[in-house]
Amino acid sequence: MNNYIKYFGIALLVILIDQAVKMLVHFQMDFGTPGQIPIFGDWFKLHYTTNPGMAFGMELGSEYGKMILTSFRLVAMVGIGYYLSMIIKKENHPIYILCIAMILGGAIGNLVDSVFYGIWLDNAPYNAPTPWFHGQVVDMFYFDIWEGYIPDWVPLWGGSYTALWPIFNVADASIFVGVAIILIFQNRFFPEKKEEIKPQDQEVNS
């Protein structure tokens with residue numbers, strides 16, 4: 001039981017930090033470039049913006065695309081939560097469990113924006129059929145690596161003026177770090193079982 005409390009508590013902590021930062025940004029910063037706060041020169045800034053769709057601002061291109069996306073996030077959250085409970089029960093590698101907890105917390109953090117911010121912060125797009133499930137995700141961390149016009153021939157992002165590095169939030173960072181650690185240390189988290197050589201096999205080979 002203590003492990004369940006610990007790891008689900010980590011997910012809850014990510015959610016609380018994520019939502020606290022978003023509320024501070026929304027109520028204490030001006031939107032867009034006028035409210036931008038330099039942290040490390042022009043390289044790293046706090047920049048209040050919103051994301052109406054998926055990662056990198058992509059959308060499903062339908063009147064109910066946002067609702068479909070939010071519903072998918074809800075289902076994914078339930079699935080990740082169930083998976084987290086299973087790996088805690090199986091006593092998987094603690095760092096792997098921590099990563100899944102971080103991913104769960106990040107997923108729920110952005111889900112809160114999508115479900116409720118259209119009501120709480122009144123930030124649903126003007127053409128949304130309903131503010132529920134159409135809230136825009138609040139982003140604020142901006143690494144200004146490159147900014148400019150992307151040629152029309154580039155898939156998805158072509159024909160637009162954009163930044164090389166997307167603006168993200170605490171939830172995004174938690175998901176990214178969790179996934180990155182899993183990818184880097186996957187051999188440690190999922191060690192391959194070596195096949196044991198049977199005595200009769202040794203006799204045949206000899």
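Rings of Phe, Tyr and Trp (its six-membered ring) pair if their centres lie within 6.5 Å; planes under 30 degrees apart count as stacked, over 60 as edge-to-face and the rest as tilted. By this rule, the whole structure has 14 aromatic pairs. The model is predicted: local features need pLDDT of at least 70, side-chain atom pairs count only at pLDDT 80 or more, and totals for chains, interfaces and linings use all residues. Residues are numbered from 1 along each chain as its sequence is written, and side-chain values use heavy atoms, with hydrogens and water left out.

**View A. The ring pair of Tyr96 and Phe189.** The ring centres of Tyr96 and Phe189 are 5.7 Å apart and the planes are at 45 degrees, so the pair is tilted. Tyr96 lies in helix 3 (residues 94–120) and Phe189 in helix 5 (residues 186–189), so the pair ties together parts that are 93 residues apart in sequence. Helices (H or I, at least four residues) and strands (E, at least two) are DSSP runs, numbered from the N terminus. Tyr96 and Phe189 are both buried (under 20% relative accessible area, 1.4 Å probe, protein chains only).

**View B. The ring pair of Phe143 and Phe168.** With centres 6.0 Å apart and planes at 5 degrees, the rings of Phe143 and Phe168 are stacked. Both Phe143 and Phe168 are buried.

**View C. Arg73 in helix 2 (residues 65–89).** Arg73 is buried, with a relative accessible area of 18%. The side chain of Arg73 makes a polar contact with the side chain of Ser114 (2.6 Å); such a contact is a pair of N or O atoms within 3.5 Å, and within protein one must be able to donate a hydrogen and the other to accept it, while residues adjacent in sequence count only if both atoms are side-chain atoms.

How values were computed:
Buried < 20%, exposed > 50% of the residue type's maximum accessible area, 1.4 Å probe, protein only.
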